[in-house]
Amino acid sequence: FAPAWIEERKDIESQFELARTTLVRAWRLYRADGTSPNAAAWERNVAEFRSKVGELRQRVHVYNLKAPATIFHKRQLDAEALIEDIKTGSTS
């Protein structure tokens, strides 16, 4: 058994990884260039990712308040930087 704040961190990380993996798969599938019919599907996936990251940002804020020391704090997620990393292939 782990303290609640550790379990919260694990859940945040797992939810983020799921959202990131979904967006990476969408990018590989749609390769949105703005002109293809798949551009709308890509934008829908991006909107869902931004929404999920927004929720996770709030959870990270609460988690950081619960963590017993700043060494355990999580950095806030930046949806736009993550999307750019996916599009440029900086992450796999």
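In what order do the elements of the protein run from the N terminus on? They run α-α-α, and the protein has 3 helices and 0 strands, where helices (H or I, at least four residues) and strands (E, at least two) are DSSP runs, numbered from the N terminus.

Before I go on, a word on the model. This is a predicted model, in which local features need pLDDT of at least 70 and side-chain atom pairs count only at pLDDT 80 or more, while totals for chains, interfaces and linings use all residues. Residues are numbered from 1 along each chain as its sequence is written, and side-chain values use heavy atoms, with hydrogens and water left out.

Let me start with the overall picture. The C-alpha trace spans about 50 × 20 × 20 Å along its principal axes, and of the 92 residues in the protein, 30% are buried, where buried means under 20% relative accessible area, exposed means over 50%, and partly exposed lies in between (1.4 Å probe, protein chains only). If we take the contacts with a separation of 6 or more, 63% of them come from residues 24 or more positions apart, a contact being heavy atoms within 4.5 Å.

Now to the charged side chains. The structure holds 9 salt bridges, each being a side-chain nitrogen of Lys or Arg within 4 Å of a carboxyl oxygen of Asp or Glu.

Please find Glu13 in helix α1 first. The side chain of Glu13 meets that of Arg9 in a salt bridge, at 3.0 Å from N to O, and both residues lie in helix α1 (residues 4-30), 4 residues apart, about one turn of the helix. Arg9 counts as partly exposed because its relative accessibility is 27%, and Glu13 counts as partly exposed because its value is 34%.

Glu13 also forms a salt bridge with Lys74, with the closest N and O atoms 3.6 Å apart. This pair links distant parts of the chain, since Lys74 sits in the loop between α2 (39-66) and α3 (79-88) while Glu13 is in helix α1, 61 residues apart. Is Lys74 buried or exposed? Lys74 counts as buried, because its relative accessibility is 18%.

Finally, please look at helix α2. Glu55 and Lys52 form a salt bridge there, at 3.7 Å from N to O, and they are separated by about one helical turn because they are 3 residues apart in helix α2. Glu55, at 41% relative accessibility, counts as partly exposed, and Lys52, with a relative accessible area of 22%, is also partly exposed.
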